[in-house]
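Let's walk through this structure together, one chain and one interface at a time. Keep the viewer open as you read.

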Amino acid sequence: MNAITPMIEARDLRMVYNQGTDPVLALDNVNLDVNEHEFVSLVGPSGCGKTTLLKLVSGLASPSAGHLNVDGKRVSGPQKKIGFVFQVPALMKWRTIQQNVLLPAEILGMRKAEALERAQELIELVGLKGFEKRYPHELSGGMQQRVGIARALIHDPSILLLDEPFSALDIMTRGQLNLELLRIWSERRKTSLLITHSISEAVFLSDRVVVFSARPAKVLEVVQIPLPRPRVPEMRVSREFIDLVDHVGRLIGLEFV
Amino acid sequence: MERTSARMQAGGAKVAAPPRSNNVFRSPAFHRSVKVSVTLVVVCLLWEAGCRWFEVPSYLLPAPSRVFASLFGSSVDFVHHGSVTLYETLLGFVAAVALGALAAAIIVVFPKLADIIMPLLLIAQIVPKVAIAPILLIWLGYGLAPKIFVAFLVAFFPIVINTASGLAAVERELLDLARSLEATRWQIFWKFRVPSALPLLFDGMKISVTLAVIGAVIAEFVGGNEGLGVLIIIANQELDTALAFASLFLMSAGGLVLYALIEASERVLIPWNSAASGQILGDHR
Ligand SMILES: Nc1ncnc2c1ncn2[C@@H]1O[C@H](COP(=O)(O)OP(=O)(O)OP(=O)(O)O)[C@@H](O)[C@H]1O
Ligand SMILES: [Mg+2]
């Protein structure tokens with residue numbers, strides 16, 4: 001856990017899916033280091049292998065070749081030090097918001113009183129105070145995603161993996177949740193890996209943006225985002241921000257005029 | 001549509017049910033039952049008038065008044081026959097729910113066994129129950145057993161299919177979450193699969209309970225000396241159509257009550273199932 005070892009360390013990572021007739025090469029020689037407390041975004045064309053990379057990091061899938069260390073240890077199976085936020089809220093509709101947030105605590109056998117206290121804290125952190133006893137269907141899509149974030153944090157993971165958590169939301173809710181995520185990140189400082197299709201979201205939130213090629217995913221470039229923190233919405237119209245967005249956009253083949 | 005907006009306005013109100021007025025006479029449920037009752041009364045009146053006007057012979061189509069007279073005025077012990085049929089139906093139904101849910105659980109938890117069980121279930125479902133009822137009579141005698149068994153047989157399949165789809169229908173992301181937390185099989189089953197299966201189990205029960213009534217009556221047709229099905233056979237032999245209609249009425253009423261009970265328990269037991277679109281008798285949410 002010393003400062004030199006990165007939190008996530010991927011070396012020549014390769015992933016081949018062997019389902020069906022012809023195998024699919026999803027990741028090809030991916031090298032990536034993510035430091036502790038860092039916020040890193042992954043962008044790249046659809047289907048290039050971003051989700052695959054998150055699955056490998058979380059231990060839900062194992063690489064076909066290469067090395068993957070998390071927190072200095074080789075990943076050999078599912079890891080509890082990871083919190084996963086999915087593209088869909090994936091809430092249990094039969095549980096209240098509070099019970100949904102508590103689910104990982106129950107499965108991991110955390111002490112009840114302690115878990116309840118943490119859940120309450122997190123529900124407040126994501127701005128859902130007063131909704132503890134509501135059911136998911138009574139919440140908007142954005143509120144449900146926030147429940148997903150609170151749930152991912154309940155067992156105090158050291159890494160937060162976010163797979164397009166805001167892609168189903170309208171642009172205003174999305175901007176708002178970007179700010180929330182920044183706030184949560186600055187309070188908790190979880191090492192975060194975010195997949196997004198929004199380049200400006202990636203630039204706005206991250207310390208670095210990793211740009212992937214089309215499948216099989218290779219790292220095209222890792223773009224440093226030197227914008228100061230704390231980040232504020234006004235930055236999104238600064239020259240520097242726009243240039244960064246433009247640069248990343250060009251890398252994945254988008255032309256901004 | 002009004003219900004939705006009513007709920008949206010009720011921002012801070014209670015969780016499960018949409019808020020409703022305290023005044024029973026203004027509630028939508030009351031309005032609906034008034035509509036249903038009025039429709040029934042009008043149908044009966046038209047039926048009665050038609051029978052009298054056209055002087056329809058009673059053995060062809062008895063007027064409601066005659067059915068009514070048969071129901072309350074004859075020496076037939078409807079309470080006894082009705083409770084026999086109800087008993088067979090309920091036992092068959094309960095067995096179907098218990099064993100059906102169990103079979104579904106086995107199919108989902110042990111997919112390898114599914115390959116053996118599913119074809120057997122399918123065969124059991126495809127065999128016409130009316131055709132095997134006489135055989136069951138030979139095997140199980142003339143008592144209640146074959147009736148309960150036929151009720152069970154017809155009620156079983158919808159439970160298995162619905163529960164199995166429910167158990168299997170857990171979101172992929174939720175299962176990923178379970179795996180990433182290293183949830184045990186036991187936890188995955190009880191915390192993830194079972195609750196997700198409940199709405200479909202209830203849907204299956206609604207289908208099954210009406211089928212169970214049919215199953216019990218069919219078995220009574222084939223042989224026996226008590227039950228509403230037997231009354232219909234006797235009524236047919238004696239051309240006592242009013243008696244047949246009276247029995248028919250009781251069967252339908254019984255089936256309806258059972259159905260309503262299941263819907264009611266669904267509302268109480270799984271209030272979170274906001275998408276309970278299958279609610280026919282209860283509130284349309
Ligand atoms: N379980 C799987 N079995 C077989 N092939 C898979 C599996 N998961 C992903 N793939 C394939 O691997 C490739 C990369 O998939 P992945 O989900 O990682 O892409 P992605 O970058 O997350 O795409 P998107 O941005 O659309 O979510 C795709 O071609 C996909 O078809
Ligand atoms: Mg993806």
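This is a predicted model: local features need pLDDT of at least 70, side-chain atom pairs count only at pLDDT 80 or more; totals for chains, interfaces and linings use all residues.

Residues are numbered from 1 along each chain as its sequence is written, chains are lettered from A and ligands numbered from 1 in the order in which they are written, and side-chain values use heavy atoms, leaving out hydrogens and water.

Let's begin with chain B, which has eleven helices and zero strands. Here helices (H or I, at least four residues) and strands (E, at least two) are DSSP runs, numbered from the N terminus. Of the 285 residues in chain B, 41% are buried, meaning under 20% relative accessible area with a 1.4 Å probe, protein chains only. Now look at contacts, that is, heavy atoms within 4.5 Å. Among the contacts in chain B with a separation of 6 or more, 69% join residues 24 or more positions apart. Chain B exposes about 15700 Å², an accessible area from the Shrake-Rupley method with a 1.4 Å probe, and carbon and sulfur atoms supply 72% of it.

Next, the interior. A nonpolar core is a set of buried Ala, Val, Leu, Ile, Met, Phe, Trp, Tyr and Cys residues joined through side-chain atoms within 4.5 Å. The largest one has 87 residues, and L42(A), L193(A) and F192(B) have the most contacts inside it. Helix α9 of chain B (residues 185–222) gives the largest share of this core, eleven residues. A second, separate core of 47 residues includes F39(A) and L160(A).

Finally, where do the chains meet? The contact takes 24 residues from chain B and 25 residues from chain A. About 2500 Å² is buried between them, with 65% from carbon and sulfur atoms; this is the accessible area (1.4 Å probe) that two parts lose on being put together, summed over both. Two salt bridges cross the interface, each a side-chain nitrogen of Lys or Arg within 4 Å of a carboxyl oxygen of Asp or Glu. One salt bridge pairs K55(A) with D176(B), the closest N and O atoms being 3.3 Å apart. On the side of chain B that touches chain A, α8 (172–180) and α9 each supply at least two residues, and α8(B) gives the largest share, six residues.

Key: Buried means under 20% relative accessible area, exposed over 50%, partly exposed in between (1.4 Å probe, protein chains only).
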